[in-house]
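Thanks for coming. I have one structure to go through today, so please look at the screen.

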Amino acid sequence: MLKFARIVVAGLVFLLGASSQAQSTHGTPAEAVAMVQKVIASIKANGREKTIADVNNLQGPFRDRDLYITINDMNGKNLAHGANAKMQGKDLLDLKDADGKLFVRERMELAKAKGKGWQDYKFVNPVSKQIEQKSMYFEKYEDIIINCGIYK
């Protein structure tokens with residue numbers, strides 16, 4: 001009986017571990033909001049330049065699984081991108097998603113009108129390398145927009 005109980009417990013531990021590992025590859029909406037808040041706190045504590053450099057560090061403190069930060073100015077220029085160094089410093093205002101949606105332009109308008117919120121579009125997941133549905137949380141802080149999205 002004891003041997004059977006050990007086998008059952010080992011099986012449950014394996015299943016729970018596999019389940020939590022599968023779930024842990026995707027960030028949650030709450031984690032995305034928290035990461036944006038962490039960036040704002042960093043700007044307040046360490047300054048904009050240091051925080052932007054930390055975001056641009058692809059292995060830095062603002063990268064967690066498929067969660068990463070992007071920062072844009074109010075004209076759509078990318079100031080920081082935590083998953084793709086090629087986007088850093090680029091004008092992304094006319095960037096389109098897989099369906100042709102001008103998602104950066106839309107986000108700039110939403111940020112100007114609402115200050116913060118969520119936006120849906122399609123984008124390449126840096127973990128899976130596939131185009132996936134994405135929901136981006138954005139928050140206007142001073143004259144920049146800080147973004148962190150989740151893949152669905």
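Predicted model: local features only at pLDDT ≥ 70, side-chain atom pairs only at ≥ 80, totals over all residues.

Start with helix H2, residues 29-46. With 18 residues at 1.5 Å a residue, H2 should span 26 Å, and the end C-alpha atoms are 25 Å apart, so the two values agree.

Now, which residues of H2 are buried? They are Ala32, Met35, Val36, Val39, Ile40, Ser42 and Ile43. These residues cover an arc of only 155° around the axis, so they sit on the same side of H2. Ala30, Lys44 and Ala45, on the other side of H2, are exposed.

What covers the buried residues of H2? The cover includes helix H3 (48-56) and strands S1 (63-64), S2 (67-73), S4 (116-124), S5 (131-141) and S6 (144-151). After H2 comes Gly47, with a positive phi near 95°.

Next, the cores. The largest nonpolar core has 19 residues. Val36, Val39, Val55, Ile69, Ile71, Ile146 and Cys148 have the most contacts inside this core. At least two of its residues come from each of H2, H3, S2, S5 and S6. H2 gives the largest share, six residues.

Take Ile69 as an example. Leaving out residues up to four places away in sequence, Ile69 touches several residues, including Met35, Val36 and Val39. Val55, Phe62, Ile146 and Cys148 are also among the residues that Ile69 touches.

Methods:
Residues numbered from 1 in each chain as written. Heavy atoms only, no water. Helix = DSSP H or I, 4+ residues; strand = E, 2+ residues; numbered from the N terminus. Expected span 1.5 Å × (residues − 1). Buried < 20%, exposed > 50% of the residue type's maximum accessible area, 1.4 Å probe, protein only. Arc of directions from axis to C-beta. Contact = heavy atoms within 4.5 Å. Core = buried A, V, L, I, M, F, W, Y, C linked by side-chain atoms within 4.5 Å.
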